[in-house]
Amino acid sequence: MKSIMEVDEVRYRYAGTDKEALKGLSLRIPEGKRTAICGHNGSGKSTLFLHAIGIYRPQSGQVRWKGQPVSYRPGDLRELRRKVGLVFQDPEQQLILNTPYEDIAYGMRNAGLPEPDIRARTERMISSMGLQPWADTPLHHLSLGMKKRTALAGVLALEPELLLLDEPTAYLDRKSEGQLIEELNRIHAEGITIAMATHDMNLAYCWADWILVMDRGQCVMAGTPHEVFGQEQHIQSLGLELPLLYEVWQALPSAIRREAAPPRSIDSLKRYLSGNFG
Amino acid sequence: MKSIMEVDEVRYRYAGTDKEALKGLSLRIPEGKRTAICGHNGSGKSTLFLHAIGIYRPQSGQVRWKGQPVSYRPGDLRELRRKVGLVFQDPEQQLILNTPYEDIAYGMRNAGLPEPDIRARTERMISSMGLQPWADTPLHHLSLGMKKRTALAGVLALEPELLLLDEPTAYLDRKSEGQLIEELNRIHAEGITIAMATHDMNLAYCWADWILVMDRGQCVMAGTPHEVFGQEQHIQSLGLELPLLYEVWQALPSAIRREAAPPRSIDSLKRYLSGNFG
Amino acid sequence: MKARKSVSLLLLVMGFTAFLLVNEPQSAYAMHIMEGFLPVGWALFWWALFIPFFVLGLRAIARITRETPELKLMLGLAGAFTFVLSALKIPSVTGSSSHPTGTGLGTVMFGPLPMSVLGSIVLLFQAVLLAHGGITTLGANAFSMAVCGPIVGYAVYKWLMKSTGKQLMAIFFAAALADLTTYVVTSLQLSLAFPAESGGILASFVKFGGIFATTQIPLAVSEGLLTVLIWNWLKSN
Amino acid sequence: MIKLIDTLSYSNALRPVSPLWKCGFAAALLLLSYVTHPQIQLCILLWMLIWIIGYAGIPAKYCLLLLGSSCLFYLASLPALIVEFKAWTIYISDNGVQTVAVLFCRMIACLSAMLFIILTTPISQLLQVMRKLRVPALVLELMLITYRFLFLFLDTAQDMYVAQRARGGQYGFKSKLRDTAVIVVRLFAKTMQRYRGLSHGLISRGFTDEIKPAPYEAGALPLRFRLEMGIGIVILLLGESWLRWGM
């Protein structure tokens, strides 16, 4: 498995605090996969992301992009930030201009793309995200789900190779969450590597190909969903809960489960049950 | 079923907007129960709460407290606000003094309680909320979960008869959410009526005794969790999702479900399955 | 021999100062006279001069908040906003970055008298939370930044609006001149306290003014431009 | 920097000590620093460092960092104080050098007394002291709200700044100026939003016309400190009179 980004023994302490936010963190984000990075608030997920785009610089250790150590010269950093798109948890933080149309173009204008290109790409993003009816609506009139989609569109417009998302579904209702996940799967199908920080274990379980678990500034588990959640004890000792679907599955009588792999969506559970017992 | 607060045909339109936030809303909050008010963002839940404590005044219709129409004279309003405690979604909105210890006392000082009483009650609240280690830490050093507990403590210190909570679990991780719910159940056991606005259907399903569903400024469903979620079609037509546990339950073969009532927590599901098929 | 030593010392000090002023992002805070710098007489004098303006501002605020107590919340928040404004790093036309004072924008938004109160609160917090400025010199600093700056800014704004009607130009000069006034008054305060051996107060004023001009004049231009941009945005939203 | 001082003021070992005593002590030393000779002023500096680093447990590096960065103004003013122009010649005046030396001693002594206060006493306690000193309630209320929201707004501004850099902004003079303007505007909108939210939040908690602060709670001052303060000040005074009148 090739990794697109590697973090090696990184330590980071915020100025004026005693506690280290990252305590010798090492992890790899595999290329071409959908990775979920799980952990509590304060486990260092956001700090990790700010290292990934070179906003923070490790106090010791190294961040590598496609095997090469990240260079912190201003020009190289801009280049890196074009290849690695970061969508922040709070779209209010990220949205800069007045309307989705203007805001989506912001990053491209900074990157110095020619105006006709910017216009074409913006329109493409707007329509693929289903934002046409609101393209010229002031952002503060939009719902949170809409704002999140605008923030995502602004990052995707730059055609990053790696997309990082910080708690993308936080505080979305299930409908907007579903739309967002669909959108992410579409993007992934186009060949973009995606890594998402989340504390929603249900989401991580049903969406990710690869799971990393962070705890107090370190990466403590890594593997496929089945590998990671198979270690129930370990997960629970970290104070994380198991995915509901996984728990239900484990609670079913073994006569029903047989040797089947645990289903990762409610639909596949339904299909399994109706196929075998309908 | 006696209601502690009733809202009757209330209409309210924010100044400068065309849309009515409440369109003839009628609902009853039953006394002594745990009520969940569900609905999308923008369905009028927060506007309802601001009516309940008399910050907004209905443009038509009536709000009744224990059968009596609410009076909007300043003295009566202060009295009402002592009986009805409102915890806002964003704790920054209602915390004003520097530390949990000082802030929890704020409401009591406004109510003109004698100092020794204030001190005793504040200390009681601090310890029952598990805030001792942070009692003298400035608020801006606390985590969101801690701030939410402080805001709740400040409201509870006034010993309200009805406690209203606006999206109390928003932005909390699952662990803090669990602590908060436990706290609410303890308060409820002491005889306080609780109503919580939420769009987390899983939470509403497993926590509430009574569920109200709001949609576009009206109350469209009311009943026990089983009654409300039994109307699957109706819930889904409102764009709300069913609780995950409920869906899983419905997916189980009817040979397993038999005539049992759907379980409302993962533990009771496990117990049911192991009791019948273990 | 002695002269050569003096000259090399002089060059060293000047080089060091220039380095600090240009490279230190906190150079604008350096315009706050530090704790213990002014002789006791002058420190008291500037306190005495500042307090009447503060009281006037306070009375203006008390008048509005008596009718609508909630406006207190607004003014307190405006204080926090002004503090953050003064803590933002803005690029200066010389290429280094600096901190705006925010008095120009605050004056146009909240008026000069409330600004004298908010500005003093901001200065006090800068002294207590950042160790920039001081308590004994708060009177002098507040007089230059929270009193003179806003008054000049406001007067310039009103006058330009009346005579030309060009709002953006008025905003630019209000913000830039509020900044410049602060700088000129501070230089004056310093030269009064430390007159030169030869040439007295005037020579001293030229010396102090000359040193701080390297950062403060570019900063005033930048802050003027920034305030115009902000104003454009606020209007278009 | 701002979070550093704030955090230290809440977590240092002298926090429980009565704020009124600490302020009185610091005020007395400020006054002494203004009227005494350089030798005494340097004693004040040393004594204050013992209180700050020794008794309050502030790490020495932070203390020296703060002393150093505060001297920036002093350094910047140096040329103006010692360089003289006369008849087209530039020279360093001996008087100027002496002024500068004397000034340095006074300033560093005052600075250490001020650092003692700001590093050991949190703002909330300073507000209580100011209330005791009869600063108008309105000023204190405004300061309270300002302080309460200062960190929130700073974080918001910082977050927006980071997001702009993540999206390739804040690069070059024009883009920096424009992006900073956007931050200010967004922050202003948020300020107004906060204002509405806060007024609802406080009204629901019974706010009518004033924000009632917590009452002053006198912390104890250990006898050992009381003795050291008293004896120390007497020794400084004696030293000063000896220097002045050669007793």
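Predicted model: local features only at pLDDT ≥ 70, side-chain atom pairs only at ≥ 80, totals over all residues.
View 1. Side-chain values use heavy atoms, without hydrogens or water; residues are numbered from 1 along each chain as its sequence is written, and chains are lettered from A in the order in which they are written. Domain 1 of chain D covers 2-121 + 218-245 and domain 2 covers 135-204, with bounds from an automatic or database domain assignment. Their centres, taken over C-alpha atoms, sit 34 Å apart.

**View 2. What holds the surface between the domains of chain D.** About 370 Å² is buried between domain 1 and domain 2 of chain D, 60% of it from carbon and sulfur atoms; buried area is the accessible area (1.4 Å probe) that two parts lose on being put together, summed over both. D:Ile2, D:Lys3 and D:Asp6 supply 88% of what domain 1 of chain D buries here, more than any other three residues. The rule finds 1 salt bridge across this interface, a salt bridge being a side-chain nitrogen of Lys or Arg within 4 Å of a carboxyl oxygen of Asp or Glu. D:Lys3 forms a salt bridge with D:Asp155, with the closest N and O atoms 2.9 Å apart.

View 3. Look for D:Ile5 in helix 1 (residues 2-11) of chain D; helices are DSSP runs (H or I, at least four residues), numbered from the N terminus. D:Ile5 counts as buried because its relative accessibility is 1%, where buried means under 20% relative accessible area (1.4 Å probe, protein chains only).

**View 4. Chain B against chain D.** Here 31 residues from chain B meet 31 residues from chain D. The two chains bury about 2,900 Å² between them, 56% of it on carbon and sulfur atoms. B:Ile96, B:Tyr106 and B:His140 supply 22% of the area that chain B buries against chain D, more than any other three residues. The rule finds 3 salt bridges across this interface. In a salt bridge here, the side chains of B:Asp103 and D:Arg205 come to 2.9 Å, N to O. Helix 2 (74-83) and helix 3 (100-110) of chain B each supply at least two residues of the side that touches chain D, and helix 3 gives the largest share, 8 residues.

Notes. Contact = heavy atoms within 4.5 Å. Buried < 20%, exposed > 50% of the residue type's maximum accessible area, 1.4 Å probe, protein only.
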